[in-house]
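Student: I have a structure to go through today. Can you take me around it, step by step?
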Amino acid sequence: MSDVEFHEQGELNDISLEGEITVPGVPSNKDEFSTLDEPVKDTIMRDLKAVGVKFWHVLYPKASTALLREWDLWGPLILCVFMAMMLQGDTLDRMHDGGPQFAEVFVIYWVGAVVVTLNTKLLGGNISFFQSVCVLGYCVCPLSIALIICRCILIAKVQTTVLFIIRFVAVVVGFGWSTFASTAFLAESQPPNRKVLAMYPIFLFYFVISWLIISHTHS
Amino acid sequence: MSSKDDLQFHDSGGQEDVMFDRSGGQLHTFTSFPHSAVDMDDEEEEGGDKSQLLKEGEKKSLSFWTFEYYQQFFDVETREVFHRIAGSMMPIPNRNYLQQKIRPNPDLYGPFWICMTLVFTTAIAGNLANYLSAGGKDYQWRYDFHKVTFAASAIFTYWWIIPAIMYGLLWWRKSQAGFTFLEILCVYGYSLAIYIPISILWVINVAWFKWSLVVVGACLSGGVLVITFWPALKDDTKKIALVIVSLIFVLHLALAAGFVLYFFHVPPPVSPAVTNTTNTAVPLSSTGKPFAVDMPNMKPQESNRPLAEKPQASNLQADKPGTKEKDVEIKLKGNADKPEKDKKLEQTDNNNARGTNVDSRSKMTQTEN
């Protein structure tokens, strides 16, 4: 009953109510507002650098969390557009050329990544939706390199068995690398008794993309 | 007036602690607690199979629109999935597949990924069979990506529509076995698992081997299906039960036969005969071949035609332009320059229906002369 103090009305008016609403120890938010003022080149270079760092992490996979912590979908989009352009069938001569159209590759890529991610989440994995799509998209990078190699080999007029074997080996290596890289990032998010169940759809996804690459014989 | 005395209020004055008279009133102390109030029991149950609790207690309360509703269909372990796949291929008369393997916990993981795998293995193996059958590497082979879309539609339709029909049939006959739609879906999905290795083996282009694979696959997994559904039907009249059981088996067999006929149907004499006559890269000795190849092969082609056209008439109708185009591509790609008469022959070949191939081939052999 003795803790309450009563101030005179005049005293209240003299107490200053100004000051900063900052909590000591937490970094202030002032830096984020300044990205509006920076030159466009800085913004683009920063994003490109982030994408490049992620590609580096995929190509030399260690169990790091760089891909997971800050996900972005620029890299997967670049890879998808590149692959769809390279893989689309030739529509100049006829309708039934047999190869997938640009839209079909696009759909396989994105719908495949979404379905595999949904599967991981339904099995109870503790990874967010976009993180998983990001990892799956970035890990297609070795297969894109295999596609470039195949395309270079296909420039030769005469396709011999040896060249086919080289293409096949390149695609197999790319497939193994992609699967290994995605396993390194995604394996810890599942309980051990369901790891195979979660990894198999990823294996199937990269297998289908590898098949699209190996069977693309551009004339 | 004794009560008034009991209720007298004593003025304590605020200086000393008030003493409550314990002897007068009744003091009830709680010493025994009911089980639901203690936290220890709940923790013990959580250590066990929590998913069982979810299913038994809260199954009905999960809304259709929440994510957790769908998670309950994926509550399996690696071991269980492998056991279920193995069980779907082995029809053992006494052990009911549904009761033993699936009953407490039907899942959708296995069926869904089995169907996806089957779609891609069928499409890839179909393309591979096409490539291998068309001969060597001196022409450009183009793969047919649209096989994937067709395979996907066929397989997913089979996986969903047939269980819907079965569920409807069992409900109509008021079967007492109590199969839920999810369980029927699960059984049908796992029964497609045997077709995955079979579809890879179908690449080997030996006709009797392909058809024997069809029969073996349909018998094994169809057998499991029949044994699974028999308890639901045995209370019914004999005739109806037999009709439904045979319907299950026949549909399963028809699916396998459809795969072979659509994806792995290799038209034997048409393309090698025509490419041998028009492909200038082939050595001259092979020009004698068309006569030898045509005669014995005309008969199997004719016998194949009614068989091929009858059950899957619509598929082959759709197939015709595709394979026709492929034949034309094979011919066009193989040669940079061709004599005029061969171009005309191909045009007439295109215009003819598949059934009149014999006539066009005879025309070509005549012009060869």
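Tutor: Start with a definition. Helices (H or I, at least four residues) and strands (E, at least two) are DSSP runs, numbered from the N terminus. Axes are lines fitted to C-alpha atoms, for helices over the stretch in contact, and angles run from 0 to 180 degrees between N-to-C directions. This is a predicted model, where local features need pLDDT of at least 70, side-chain atom pairs count only at pLDDT 80 or more, and totals for chains, interfaces and linings use all residues. Residues are numbered from 1 along each chain as its sequence is written, chains are lettered from A and ligands numbered from 1 in the order in which they are written, and side-chain values use heavy atoms, without hydrogens and water.

Student: OK, at what angle do H5 and H7 of chain A cross?
Tutor: Roughly 40 degrees, and their axes come within 8 Å. H5 covers residues 74-87 of chain A, and H7 covers residues 129-138.

Student: What do we call that, oblique or roughly parallel?
Tutor: H5(A) and H7(A) are oblique to each other. Angles under 35 degrees count as roughly parallel, over 145 as roughly antiparallel, 65 to 115 as roughly perpendicular and the rest as oblique.

Student: Which residues meet there?
Tutor: Gly75(A), Pro76(A) and Leu79(A) from H5(A) meet Cys134(A), Gly137(A) and Tyr138(A) from H7(A). Contact means heavy atoms within 4.5 Å. The residues of this contact are four nonpolar, two polar and no charged. Ala, Val, Leu, Ile, Met, Phe, Trp, Tyr, Cys and Pro count as nonpolar, Asp, Glu, Lys and Arg as charged, and the others, Gly among them, as polar.

Student: New topic. How many helices and strands does chain B have?
Tutor: Chain B has 17 helices and zero strands. Of its 369 residues, 40% count as buried. Buried means under 20% relative accessible area, exposed over 50%, partly exposed in between (1.4 Å probe, protein chains only).

Student: Is His252(B) buried or exposed?
Tutor: His252(B) is buried, because its relative accessibility is 0%. It lies in helix H12 of chain B, residues 238-263. Beyond its neighbours within four places in sequence, its contacts include Tyr158(B), Ser191(B) and Leu225(B).

Student: And where does Pro106(B) lie?
Tutor: In the loop between helix H6 (97-102) and helix H7 (109-133) of chain B. At 13% relative accessibility, Pro106(B) counts as buried.

Student: What does Pro106(B) touch?
Tutor: Not counting residues up to four places away in sequence, Pro106(B) touches Phe73(B), Arg84(B), Leu182(B), Glu183(B) and Cys186(B). Phe73(B) is 33 residues away along the chain, yet the two C-alpha atoms are separated by 6.9 Å.
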